Amino acid sequence: MTLTCPECEGDVQLAPSPRLSEITSCPDCATELEVTSLEPLLISPAPEIEEDWGE
Amino acid sequence: MKSLAVLASRVRFEEKEIFAALERRPVRYDHIDTRRFTAGIDGPRADARAYDAALCREISFSRAYYACLLLEAAGTVAVNRADVIAACGDKAKTSLLLAAAGLPTPRTVLALTPEAALEAAEKMGFPVVAKPLTGSWGRLVTVLRDRQEAQTVFEHRAALPSPQQHVLYLQELVDKPGRDIRVLVAGDEVVGATYRYGTDLRTGVASGGTSQPCPLTPELTGLALGAARAVGGGFLGVDLIESPDGLLALEVNHAPEFRGFREAHGDAIDVAGAIVTYLLAAT
């Protein structure tokens, strides 16, 4: 399924059965995107990396 | 039927693999976005729903630690436990536990102010690696080759607002062969290992590194299991480096990524399946 990048309006393809909080990126502008809603399907820029993020 | 939770605010390759592995088992699970997680501390813990076990894949160290602390208080088995997350999420604590267990580690010094760090780095002898206490993927890790570089970096660290950034974790620069080793450990067993190659100190896939299968040797297995036990055990990613004198334990990760591991081993090792098996055994 194809959505529109909220940053550059490029096409963003999502795999079938996306998950909430799934991370993808825009192939045009490389913005990291997060699935923020499944019904309706919505994507938003993902949060920026924070100081305590890690493995 | 067992009731499980997976804590994650970012659903990446790894979390999707784990969800798929859970869906192949006769269990019920909820994905909890840790950013929206709350739990009462006293009185009825109505919002800490009773799960048999919770797998913590939260990317934020603070959220991971407190979420598991609250879940454990409500009687849920957390994988990994809050005390293990606390031990792994702070490099100084990890190093202290590795050293207390008598495991070989790189020479490491903790300096509590940037000023003290300059003197400590000179005593260690350059080059010295400066690392932040928390974080992964080589972020803010810097090789300091002389006093001038050290002074510059420490001045920058002193200007950062977080007091934790003013504590300097300094480590000798180990002469290693352009790679490190990631060992995945589940309880008392090694799941597998990869060599991780990078162009600088950063060797993770997230930093553009590549992975190749690494054979398991008694030395590697023994050190990885020892490091995992030293921090309290669980499902862990143990990082080792090859020094001229043998393997050294570098750090232990409480929520290891495994995309590179999967690329290296293909379907030969089912990491997500191993995580789910470990989680179910922990309940």
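Two strands pair if DSSP finds at least two bridges between them, and helices (H or I, at least four residues) and strands (E, at least two) are DSSP runs numbered from the N terminus. Every view below shows a predicted model, in which local features need pLDDT of at least 70, side-chain atom pairs count only at pLDDT 80 or more, and totals for chains, interfaces and linings use all residues. Residues are numbered from 1 along each chain as its sequence is written, while chains are lettered from A and ligands numbered from 1 in the order in which they are written.

**View 1. An open sheet of 4 strands in chain B.** Follow the strands in the order β5-β8-β6-β7, with antiparallel pairing. β5 (108-111) and β7 (142-144) of chain B are the edge strands, each with a single partner, so one side of each has no neighbour in the sheet. On average, neighbouring strands are turned by 30° against each other, direction ignored; axes are lines fitted to C-alpha atoms, for helices over the stretch in contact, and angles run from 0 to 180 degrees between N-to-C directions.

**View 2. Strand β6 (residues 128-131) of chain B beside β7(B).** These two strands pair in the antiparallel sense over 3 bridges. Look for Ala130(B), which stands opposite Thr142(B) in β7(B). Helix α6(B) packs on the sheet and touches β6, β7 and β8 of chain B. The direction of α6(B) makes about 140° with that of β7(B).

**View 3. Helix α5 (residues 114-124) of chain B packs with helix α6 (residues 147-159) of chain B.** Their axes are 9 Å apart, at an angle of about 155°. The two helices are therefore roughly antiparallel (angles under 35 degrees count as roughly parallel, over 145 as roughly antiparallel, 65 to 115 as roughly perpendicular and the rest as oblique). Among the residues that meet here are Leu118(B) in α5(B) and Phe154(B) in α6(B); residues are in contact if their C-beta atoms, placed from the backbone, lie within 7 Å. α5(B) also lies across β5, β6, β7 and β8 (168-172) of chain B, running at about 10° to β8(B).

**View 4. Helix α1 (residues 13-23) of chain B crosses helix α9 (residues 271-282) of chain B.** Here the axes come within 8 Å and cross at roughly 60°. α1(B) and α9(B) are therefore oblique to each other. The contact includes Ile18(B) and Leu22(B) of α1(B), along with Ile275(B) and Val276(B) of α9(B).

Key. Contact = placed C-beta atoms within 7 Å.
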